[in-house]
Amino acid sequence: MVRKGFSFAARVASWLVVLNCLGSTVYAQIASTDLPGPLIPFSNRKAAEIVLKGRDQLRVLVEKDLILDGLNFPRVCAWVSPEEYKQLEVEGWSISWLPPEAEPAPIGIPKGSLAFPLEAYPTYDQIGALLEEYALNYSSLCRVESIGSSAEGRNLWVIRITDHPEIEEDEPECKLISTIHGNETLGTVVMLDLVHELLTEYENDLRIRHLVDETEIWILPLMNPDGYSHTPRTRFNYNGYDLNRNFPDRVEDPANTTAGRQPETSAVMEFTRDHSFVLSANFHTGSQVVNYPYDSSAYWNTWKHPDWYTPDQDVFVQNSLAYSTHNPLLYSSGQFPQGISNGLEWYQINGGMQDWNYVWNRCMEVTIELSNLFSPPASQLVSHWEANRESLLSYLEQSRIGIRGIIRNSQNGKPIPASVEVSGREGLVHTDPQVGDYHRLLLPGTYTLQIQAQGFYPLTVHGVAVQSGTASRVDVDLDPAYSGWLIY
Ligand SMILES: [Zn+2]
């Protein structure tokens with residue numbers, strides 16, 4: 001299933017030939033339409049550890065725009081090139097290369113030994129084959145599609161699990177994405193275990209059946225298949241980008257466009273825009289925490305500045321706890337109270353997928369770090385699944401809290417594309433235009449909804465009471481803005 005183009009070496013070779021024969025002007029013209037591969041595929045950055053003398057030093061590192069990856073004060077992991085390493089050394093930082101993990105878990109399930117929960121890391125090809133098999137064997141519960149290609153031409157497989165997968169229904173849409181960093185492999189296995197659990201236990205487990213019946217669950221187990229498949233596995237994509245620093249960012253890169261972004265980033269952005277996701281999580285390793293927005297702020301340098309927190313702080317905390325309280329590795333790690341943290345209280349990043357989901361789509365995404373080891377040994381995979389099973393189900397069930405409803409045209413009863421805003425919580429939740437359903441996650445309380453749609457009179461609904469548990473339903477019929485002229 002790998003649709004590779006020319007190899008990197010071949011591309012560079014042809015580029016050099018063009019350069020030698022025709023000169024740099026011609027190369028420049030060719031480069032705009034047929035870019036050669038990166039000069040250093042997958043980047044030459046490696047993990048180094050910097051020991052900080054004080055928290056203020058973290059701010060200096062952030063200002064240097066280094067790729068920081070986890071802070072366990074006073075130690076911070078930074079992905080640096082040899083040049084950056086040398087420069088930091090010259091500046092007097094206490095820095096050392098991190099050794100590769102002692103026993104990198106091999107990738108590939110031995111032939112004939114596929115069992116669930118998985119006891120080995122599958123290859124990219126095995127993941128594709130497995131998902132195709134589910135699509136065949138559980139066609140009444142799932143669909144499989146590729147939402148795009150990686151830089152090296154591998155598919156980004158997504159499985160959609162719900163009852164009646166052939167149609168859109170009035171159900172909240174959730175997504176789970178793993179391994180945006182190719183060396184952080186555990187989440188891919190946990191995602192596949194979850195897929196297996198949802199599909200094979202649907203008939204036996206009432207709770208799972210209810211979840212699958214009432215929710216649309218999209219799972220992308222491997223967002224960086226190139227970094228995952230490379231030897232050695234790497235955080236970066238083929239073009240050397242850290243994909244979790246490649247999304248639009250409300251501070252540094254506020255243009256909400258796919259132009260100039262990496263293919264994996266663009267694919268996920270378009271996939272997200274095509275759906276009205278309300279709840280989401282992206283899975284990493286390297287720490288043990290559920291991290292919620294924001295990760296970036298113009299006021300990152302002012303400890304606990306109000307701008308660090310979203311208007312939905314209460315919901316994010318509850319959602320994060322729904323995950324962490326059921327996972328003893330996270331909840332009791334000791335590094336984060338109750339295993340959760342606001343992003344900026346941990347360390348600032350720009351261009352992360354999590355903040356983009358919330359800022360531009362009002363999709364409530366958290367970043368879940370599953371283990372301190374990037375790739376735990378295969379012998380630990382089953383226990384990691386067991387530590388995450390209840391957390392995953394509880395987290396997905398959070399998609400059903402708050403207020404939900406359908407917005408229709410009062411004249412013909414048809415669903416319309418509309419937006420819903422909760423007073424005091426700036427930011428729009430959009431309906432799914434096919435069914436007209438919206439889902440706004442909220443904790444118990446009384447809320448005011450502002451509903452708007454192009455070509456319709458806006459409507460304010462006061463005093464909507466939300467109880468704990470299942471969402472309150474507020475269906476709304478909007479009047480077309482000029483219907484009066486047509487009637488009289
Ligand atoms: Zn990561």
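1. Two residues are in contact when heavy atoms of theirs lie within 4.5 Å. On that basis, residues 24 or more positions apart account for 72% of the contacts in the chain with a separation of 6 or more. The model under discussion is a predicted one.

2. Overall form. The chain contains 15 helices and 20 strands. Its C-alpha atoms fill a box of roughly 75 × 55 × 50 Å along the principal axes. A compact globule of 488 residues would have a radius of gyration near 23 Å, and the 24 Å found for the chain agrees with this.

3. Surface and charge. Of the 488 residues, 53% count as buried. The chain exposes about 20900 Å², of which carbon and sulfur atoms supply 53%. There are 34 positive and 60 negative side chains, and the centres of these two sets lie 3 Å apart.

4. Histidine 439. Strand S16, which covers residues 437–440, holds this residue. Is histidine 439 buried or exposed? Its relative accessible area is 6%, and since buried means under 20%, histidine 439 is buried. The side chain of histidine 439 forms a polar contact of 2.8 Å with the side chain of aspartate 437. A polar atom of the histidine 439 side chain also lies 3.4 Å from the backbone oxygen of glutamate 171.

5. Arginine 404. This residue belongs to strand S13, residues 403–409. With a relative accessibility of 13%, arginine 404 counts as buried, because the cut-off is under 20%. Which backbone atom lies 2.7 Å from a polar atom of the arginine 404 side chain? The backbone oxygen of aspartate 170 does.

6. Surroundings of the two residues. Leaving aside residues up to four places away in sequence, histidine 439 touches Asp170, Glu171, Pro172, Val278, Ile403, Arg404 and Val429. With the neighbours within four places likewise left out, arginine 404 is in contact with Asp170, Glu171, Pro172, Tyr438, His439, Ala471, Ser472, Arg473 and Val474.

7. Helix H13. This helix spans residues 353–361 and is mostly covered, with 7 of its 9 residues buried. Among the buried residues are Met353, Trp356 and Tyr358, together with Gln354, Asp355, Asn357 and Asn361. Just after H13, arginine 362 takes a positive phi of about 50°.

How values were computed. Residues are numbered from 1 along each chain as its sequence is written. This is a predicted model: local features need pLDDT of at least 70, side-chain atom pairs count only at pLDDT 80 or more; totals for chains, interfaces and linings use all residues. Side-chain values use heavy atoms; hydrogens and water are left out. Helices (H or I, at least four residues) and strands (E, at least two) are DSSP runs, numbered from the N terminus. Buried means under 20% relative accessible area, exposed over 50%, partly exposed in between (1.4 Å probe, protein chains only). A polar contact is a pair of N or O atoms within 3.5 Å; within protein, one must be able to donate a hydrogen and the other to accept it, and residues adjacent in sequence count only if both atoms are side-chain atoms. The radius of gyration is taken over C-alpha atoms; the globule rule is 2.2 Å times the number of residues to the power 0.38. Accessible areas come from the Shrake-Rupley method with a 1.4 Å probe; for residues, only the protein chains shown count as cover. Lys and Arg count as positive and Asp and Glu as negative; His and the chain ends are not counted. The place of a charge is taken as NZ of Lys, CZ of Arg, CG of Asp or CD of Glu.
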